[in-house]
Amino acid sequence: RWTVPLLRVPRLGWLRAQRRLDRRPDDVDAWTGVVRRYGIDPTGHPVVLAMGRRNENVKLDTTDGAVVVRRYRNMAPDNSVAFEHEVLMALERHGFPSVRLRRTADGHTAVARDDRTYAVFDFVSGHTIGAWIVLDGRARAQLHETAGRMLARMHDTLDGFRPEAVHHLGFSPVTGRRSIDATWLLETIDALRARTADGPPEAVEHHRVLAAMADDLGAQLVELDAAVNHADLPRTVIHGDYGVHNLIIRHDGTAVVTDFELARRELRLIDLIIVLSRTPCRDAASFLAGYRDETTVPAAEWRELTNVWRYYRLAGAVQSWSNYFGHGDIERLRTARKRIDEAAWAETEVARRWG
């Protein structure tokens, strides 16, 4: 149990997002119509929630309590939604404290309306910790330790679980390989460097630098892919975006894990890398202490942390570079450059910091 400390200040991004609260969505009929598909009736108006960077979420009071209705983004693959829902149902069966899906009368966890996919979740009343900067060092350490314990419990709970759906970012249970594997990455690099970036000078310059790095980028990915595959590291269902920002602390002090939209079958180390790469060193140490108190990370697996970290970041750089040409968002190119810098940093710093 964790008590939300008094010594905390709201994050600027959260304050900006709060402007969305208490605002009705434009298409009220769509949201209320979805809820009725679940056999419940609205008793209030839908309110936009200041949460969910990838999808739209509203809170709605109903005849069966408050719910959160999610409208998935247009480009969300159906298999990723199905994968997320299979994971959530598995966690529910095991009693793991995650958000809970509602089901329609015929047992479905998602419904289609106007060519969009929706899902309904129980509303969790509590504190969204990602909205606050916790100033109390002891409370912050306890929070990160709790986060580590919960991730370890989730990994152990899902160990051996094989969802029927296949997430497009993870390993396939049929082929044993990722859809986005080394072959895809190398072919994509070759195609990208032959392209011309149209747009502002910054975009042109980012693309020029990435194209000049293409040979070295490809060589590193081949080397790292071979090393990681040779190590035969444990795979499990990972959260994919884990951190204290995806914990809700209920009023009784217990935590609930939310936001499983990037859950997929992956190397277990990827979840740890996601947390460590975003977390200040002292808080990351508390997180690892909590994780290791709940489960064991064999020394042979931990020794591959640097290689997996570098591969994950370089693969992400190629994906971001490719996504620029699909979506035209210059931030994708900035992210690609940043990921390459992070991979270079990891080559020397990961072992020094994490052993």
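I began at Ser286, which touches Ala141, His144 and Glu145 once residues up to four places away in sequence are set aside. I note that this is a predicted model. Ser286 belongs to helix α9, residues 281-294. Is Ser286 buried or exposed? Its relative accessibility is 16%, and buried means under 20%, so Ser286 counts as buried.

**Five-stranded sheet**

I went next to the open sheet of 5 strands. I read its order as β2-β3-β4-β6-β5, with antiparallel pairing. The edges are β2 (47-48) and β5 (111-113), and each of them pairs on one side only.

I then walked through the pairs. β2 and β3 (residues 56-62) are antiparallel over 2 bridges. There I found Val48 opposite Val58 of β3. β3 and β4 are antiparallel over 7 bridges. These two strands, β3 and β4, form a hairpin with 2 residues between them. Asn57 stands opposite Arg70 in β4. I followed Arg70 to the other side. Which residue of β6 is the bridge partner of Arg70? It is Ala119. β4 (residues 65-71) and β6 (residues 116-122) pair in the antiparallel sense over 5 bridges.

**Three-stranded sheet**

I looked up another open sheet, built from 3 strands. Its order is β7-β10-β11, and the pairing is antiparallel. β7 (126-128) and β11 (255-257) are the edge strands, each pairing on one side only. β10 (residues 247-250) pairs with β11 in the antiparallel sense over 3 bridges. In that pair I see Ile249 opposite Ala255 of β11.

**Nonpolar cores**

Which residues touch the most other members of the largest nonpolar core? I list Val87, Tyr242, Phe287, Trp302 and Trp354, out of 60 residues in that core. Another core lies apart from the largest one. This other core has 25 residues, among them Ile189, Leu210, Trp321 and Ala336.

**Helix α5**

I turned to α5, residues 182-193. This helix has 12 residues and reaches 17 Å from its first C-alpha to its last, close to the 16 Å expected at 1.5 Å a residue. Which residues of α5 are buried? They are Ala182, Leu185, Thr188, Ile189 and Leu192. Seen down the helix axis, the buried residues of α5 fall within an arc of 125 degrees, so they line one face. I recalled the background: an α-helix has 3.6 residues a turn, so residues three or four places apart point the same way. I then asked what this set packs against. The buried residues of α5 pack against α6 (201-212), α7 (214-231) and α11 (305-327).

**Asp232**

My last stop was a loop residue. Where is Asp232 found? It is in the loop between α7 and β9 (235-238). The relative accessible area of Asp232 is 65%, and exposed means over 50%, so Asp232 is exposed. I also took one distance. Asp232 and Glu301 are 69 residues apart in sequence, and 8.7 Å apart in space, C-alpha to C-alpha.

Key:
Residues numbered from 1 in each chain as written. Predicted model: local features only at pLDDT ≥ 70, side-chain atom pairs only at ≥ 80, totals over all residues. Heavy atoms only, no water. Pairing = 2+ DSSP bridges. Helix = DSSP H or I, 4+ residues; strand = E, 2+ residues; numbered from the N terminus. Core = buried A, V, L, I, M, F, W, Y, C linked by side-chain atoms within 4.5 Å. Buried < 20%, exposed > 50% of the residue type's maximum accessible area, 1.4 Å probe, protein only. Expected span 1.5 Å × (residues − 1). Arc of directions from axis to C-beta. Contact = heavy atoms within 4.5 Å.
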